[in-house]
Amino acid sequence: MAATAVQNAGEKVLCDKAFQEELLDKLNELRKDNTLCDVTLQTEGENFSAHRCVLSAASPYFRSVFTSGFKENKDSVVVLQDTKPGVLSEALRFIYTGEALVNAINAHDLVKIADYLLIPLLKTKVSEYLEECIDATNCLALESFADQYGCESLKQAASEFKLQNFISVVKSEDFKTLNFDKIKEMISRDEIIVAREEDVYEAIVSWVKHDLMSRECFLSQLLKCLRLFSISKYSLQQMLKEELVLTSRTCLSILLEGLDFFFSPDRFLGVSLKPRTCLSTVESAIILTGGHRSLKESNQNSYCFLPSKNHWLSLPEMPFPRTRHGAAVCCGQLYVVGGMREEVACSYDPIQNKWTVIEANTSIRQHCSVVALNEELYVTGGDQYWNRVDKYIPILAEWKEVSLMKIGRGAHCAIILGNLIYVLGGMDSSICHNSIECFDPLTNHWSEGPSMNIARQFACAAVSCGKIFVAGGYSDKAFTATEASCEMFDPVQDQWSLVSSLIVPRAACAMVSFDNHLYLFGGEDGTQVKYDSVECYDVKNNKWEHRGTMPEKLVCVQASLLLLPKKYINDLDTFETPC
């Protein structure tokens, strides 16, 4: 009966922490008194008595030594090399009691012995102590030490401190002694906290000059890690006066390329420019201007589409309604030229967030195309001015005529590839063209190129990955044959090839390139059905997909990629559009 009663009562684990602690203390006392000890640990001539069973329970290293055929298994003395007596004493104290005295003098050695003896808890506890000691003078050394001994939490903490306190860290002695690979990895990180990109440049020069003879050869590689577009024009000009830069043609070339961001900012519009996280003050935005809802109703609105967030904002209205016009970004501003019933041009300044009227050089000029190259605007063709080309120089506020195109055309596409202007397709008074020609501003000369596969007017074009893409349009003079096809021009092979077609055939739409994708907006078909849908083409995967809708249906709208200050983006009105 008694046995049955015990079974019915069930089982219970009895636990007494005080007893556990007392047992550990007793074991440690036995160790200190050399009572029942069966092994001696020896280092630098000092001996420490211990119990094999306790060491084996705490350390896989000792378990392996005492249960294998090693010589130490038979001997009563185990010699530990490269271990200080005081460090071994604290390691034994931790094994027997779970406690150890750690300080700035022994912390590194405790990590080493914990790593060697395979005692992860001791290594973790000492690493936590070292994390509390991180500062600008030791974070680089601690990061390297933690990496060597597999202390991941300490390594991460030291790395984060290094990035967040970059200005202080680069003044330390450890920074000056970093090898090339380490400093390159450090200055390449997006997370560096600096007041300006110039701080990174100054750190590079300081590191190189610390050991000029052996490090000068690395300067050009380190300069390539700079976000030159984040450096002021004045600072770049001062950098060009640095003797180390002046004596290196490669370094000079790198910094001169940085000046291109100020002198030819439009070259960078299709490039993903990523500043340091702390200096990210602008964002790439696609600006839609003008267009019409009906032939009698031109649009005065300008809309902003943020590809990174896939939503719409409203910019200030243009000075006048626009449709069948041209638009391009030049010198960091958006210019709108031509269109129905408009004899003036206008420009949008993203810094001031406002439009300004510019006196144009011709009367009404619709169905023209506008591009920007080397801080100059080029207006090509258009109704009544079929083969005329005009150039506008913003810095001088002057218009000039340049060489006439070989073939007159309107409703065509113009695009920049390299340092050449390509004009594609379009129409004249009698025919729809598939021909192309390109203009070299240096020689002021037009030359013919290989024709497209399909004649197109009111098509759209953009450049991505070094190739020209043309999509949609009407393939006849009567505006009835709406194209879904898209083709690509490879300048290396000097030929056109068809790629994936649009989801919806359309003409009089707009297209712009951003981050290896093409974004296409609006348009119409041959039955005058108008679209507000947005399609996106993945250049690398050759695939179109639907990307939502515009704020309204628009035809002959123009799309341009522009850098907008984030402080203004946050203040702009948001349009909620269905996906």
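Which residue takes a positive phi in the hairpin of β17 and β18? It is G418, with a phi near 65°, in a hairpin that has two residues between the strands. This is a predicted model, in which local features need pLDDT of at least 70, side-chain atom pairs count only at pLDDT 80 or more, and totals for chains, interfaces and linings use all residues. Residues are numbered from 1 along each chain as its sequence is written, and side-chain values use heavy atoms, with hydrogens and water left out.

Strand β17 covers residues 413–417, and strand β18 covers residues 420–424. Strands here are DSSP runs of E of at least two residues, and helices are runs of H or I of at least four, both numbered from the N terminus. The two strands pair in the antiparallel sense over five bridges; for pairing, DSSP must find at least two bridges between two strands. L417 has L420 of β18 as its bridge partner. Four of the five residues of β17 are buried, where buried means under 20% relative accessible area, exposed over 50%, and partly exposed in between, with a 1.4 Å probe and protein chains only.

Strand β19, residues 436–440, pairs with β20 over five bridges, and I436 has G449 of β20 as its bridge partner.

I turn now to the nonpolar core, a set of buried Ala, Val, Leu, Ile, Met, Phe, Trp, Tyr and Cys residues joined through side-chain atoms within 4.5 Å. The largest one has 76 residues, of which L55, F166 and F175 touch the most other members. Leaving aside residues up to four places away in sequence, F175 touches L140, V169, V170, I183, M186, A203 and W207, a contact being heavy atoms within 4.5 Å.

Finally, the whole chain. It has 20 helices and 30 strands, and 50% of its 579 residues count as buried. Its radius of gyration is 36 Å, whereas a compact globule of 579 residues would have one near 25 Å; the radius is taken over C-alpha atoms, and the globule rule is 2.2 Å times the number of residues to the power 0.38. The C-alpha trace spans about 110 × 80 × 45 Å along its principal axes.
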